Amino acid sequence: MAAPSVNCGWLLLLIYIAYGSSENEDVWSPLNADILLPYGPGGAHGPSHSHRYVRDCQSVTHGNVTYETWPSNRDAHAPVAETKLFVSPIRIGHCVQGHVTVVSNPLQTFSVLEPGGAGGCGKPLTETVTRTAGTRRCLYAQNGGFFNTSNNRCLGNVVSDGTLVQNSGGIQNSQFGIKKDGTLVFGYLSQEDVQGDANPFVQLVSGVVWLLRNGKVYINESMEAECSKTQETGSFNRFVNVVSARTALGHDKEGRLVLFHIDGETDNRGMNLWEVAEFLQRQGVVNAVNLDGGGSSTFVAGGSLASYPSDSCHPYLDGTRWRCPRAVSTVLCVHEPPCQPEDCGGRGSCVGGRCVCHSGWAGPACRSPSCQQSACGDHGLCTQYGCACDAGWMGTNCSQVCPPGFYGDGCNQTCTCTNGGVCDPVHGRCSCPAGFQGEACEQECPLGFYGLGCKRECHCPNKCLCDPVKGSCNVTWHGERNQTIHTASHCLARELLKTWQEEVEAHRVTPYFTERTWLTITVVLGMLLLASAVGNVIQASRKPGTAGFRATYSYVPLAEMTAEMDYEDRPDESKRAAMDSSISY
């Protein structure tokens with residue numbers, strides 16, 4: 001019975017989903033990676049013997065010193081680094097290609113970076129050299145120390161920019177470090193050496209195999225010191241002798257660092273460590289240590305991958321056609337020298353280790369204003385941008401008053417004064433000329449006042465108005481003021497007339513009778529007078545005797561009247577006698 005056909009496309013897709021869909025799409029998992037480890041899987045990284053063992057086993061020519069030191073280059077004017085791509089025949093029928101990068105002033109231009117940036121070893125994680133280099137804007141970068149392929153933990157000692165990230169506990173693998181005073185250190189270190197604070201390490205990374213010591217190949221002594229154990233690709237001896245991609249770090253006689261990288265693939269192409277040591281020796285390298293190689297070997301220039309990795313990207317999909325960089329542990333970074341402070345205090349840009357100060361600032365750290373206070377006079381303050389002038393002043397040294405019509409900070413506010421008012425250059429208040437008042441000098445003096453501030457009173461005859469400017473009584477009004485006075489005069493005349501009429505009316509005598517009553521009385525009196533006249537006329541026209549009686553007249557002399565008066569004074573008897581004698585008929 002024939003076997004059922006299988007759709008290989010679907011199978012490859014399932015494999016890709018299972019193994020290939022990682023967070024870093026351009027990094028393949030280490031299932032098929034070109035792994036080159038000095039120690040076997042599951043075992044400890046590094047030899048188990050002590051630092052004393054290494055010291056006792058080395059040649060007596062070195063005494064008790066298990067490491068070499070060299071003063072680093074301090075040429076701050078030289079280029080930060082120079083890199084060269086080489087293609088060299090290494091043996092008959094075999095050529096290698098790689099990069100040699102020479103770094104000047106390494107104390108300021110070289111750093112050991114944790115994977116992905118600060119804290120990467122503690123997480124732990126691995127990251128591509130390209131991405132880690134981007135965290136520090138590295139000019140050139142290559143992979144550094146070894147790491148555990150099972151849990152991604154950094155291995156060995158790690159000091160990054162003065163921070164002790166990891167202490168190996170005295171494990172005796174070859175080391176490279178830079179101390180605070182710039183001293184380069186290569187070799188084997190005790191735990192006390194790593195943790196010493198008199199002249200602490202500012203950069204430190206662990207390798208495996210000390211390649212060159214004082215210009216001589218030191219591989220045999222190193223193999224004895226670092227101990228040989230089985231590993232995934234064979235014994236420690238195989239690790240030394242197999243051709244593969246390699247990464248190394250050393251220095252020349254001038255104290256410049258030399259970063260070495262070659263492309264390769266384990267067992268197929270590249271170099272063994274003997275060949276690496278001899279190549280570096282021919283380049284004038286004095287001391288050098290070997291770092292992580294195989295598929296980890298990566299070189300980045302200007303933020304871009306510049307090497308040919310040996311790990312396949314997706315072997316289950318396309319075999320070994322495409323190659324991708326591996327996510328690794330620590331990274332060796334060549335960068336511009338940092339400034340002090342690194343951000344130049346926010347007042348400049350760090351270029352080549354020096355602060356290029358922004359306008360208005362000066363000094364190595366851009367802390368000092370470029371101007372001097374004396375240059376700003378009495379009306380300005382020296383700042384990062386030059387002289388900051390007080391309100392109402394302008395010019396490079398704050399010696400110029402704001403031009404007419406402007407005031408305030410920077411003289412950029414417009415005055416609102418009218419009628420010839422003068423604007424104060426500081427706060428913009430208007431100084432009004434004689435005859436005007438108001439915030440913008442928009443009002444003439446009120447009637448009856450004149451002069452500055454309209455505070456003087458007019459003294460014209462008959463209370464006449466005066467000129468609001470000079471106080472002159474001989475004044476001709478024009479425009480709005482003339483119309484105002486004309487209107488006021490008419491209004492005043494009407495008010496005076498009304499008041500006079502009210503006063504006249506108040507002093508007028510009120511009659512007892514109305515005209516009609518007087519007329520009635522006059523008519524009645526006239527009629528009575530007429531009736532009286534008619535009656536007199538009638539009486540006067542009558543004849544005597546016609547009345548039917550005769551008038552009787554008596555004559556009484558004055559003497560008798562006198563006697564009568566005496567009679568009144570007599571007693572009653574005398575009166576009676578006298579009465580009888582005086583009667584006449």
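At 22% relative accessibility, R347 counts as partly exposed, a label for anything between buried (under 20% relative accessible area) and exposed (over 50%), worked out with a 1.4 Å probe and protein chains only. The structure is a predicted model, so local features need pLDDT of at least 70 and side-chain atom pairs count only at pLDDT 80 or more, while totals for chains, interfaces and linings use all residues. Residues are numbered from 1 along each chain as its sequence is written, and side-chain values use heavy atoms, with hydrogens and water left out.

R347 sits in the loop between strand 18 and strand 19. Helices (H or I, at least four residues) and strands (E, at least two) are DSSP runs, numbered from the N terminus. The C-alpha atom of R347 is separated by 5.6 Å from that of H358, 11 residues apart along the chain. The loop between strand 18 and strand 19 also holds C344, and this cysteine has a phi near 55°, a positive value in a residue other than glycine. C344 counts as buried, at 0% relative accessibility. The peptide bond leading from Q340 into P341 is cis, with omega near -5°.

Most residues other than glycine have a negative phi, and most peptide bonds are trans. A cis bond also links K123 to P124, this one with omega about -20°. P124 belongs to the loop between strand 4 (110-113) and helix 4 (129-134). V209, for its part, is not a glycine but has a positive phi of about 90°. It is found in the loop between strand 10 (201-206) and strand 11, and V209 is buried, with a relative accessible area of 0%.

R136 lies in the loop between helix 4 and strand 5 (140-143). Its relative accessibility is 22%, so R136 counts as partly exposed. Leaving aside residues up to four places away in sequence, R136 touches S111, L113, D161, C333 and H335, where contact means heavy atoms within 4.5 Å. Between R136 and L113, which are 23 residues apart along the chain, the C-alpha atoms are separated by 8.4 Å.

Strand 9 is a well-covered piece of the fold. Five of the five residues of strand 9 (residues 183-187) are buried, so the strand is largely enclosed by the rest of the structure. In a regular strand the side chains alternate between the two faces of the sheet. Here both faces are covered, with T183, V185 and G187 buried on one side and L184 and F186 buried on the other. Strand 1 (residues 67-71) runs antiparallel to strand 9 and is joined to it by five bridges; W70 has L184 as its bridge partner in strand 9. Strand 8 (residues 175-179) also pairs with strand 9 in the antiparallel sense, over four bridges, and F176 stands opposite F186. Strand 8 and strand 9 form a hairpin with three residues between them, and G182 in the turn has a positive phi of about 95°.

Turning to the helices, helix 6 (residues 219-226) has I219, S222, M223, A225 and E226 as its buried residues. Looking down the helix 6 axis, these fall within an arc of 165°, so they line one face of the helix; the arc is that of the directions from the helix axis to the C-beta atoms. An α-helix has 3.6 residues a turn, so residues three or four places apart point the same way. The cover over the buried residues of helix 6 includes helix 2 (51-57), strand 11 (210-213), strand 12 (216-217), helix 7 (236-241) and helix 8 (273-282).

How values were computed
Two strands pair if DSSP finds at least two bridges between them.
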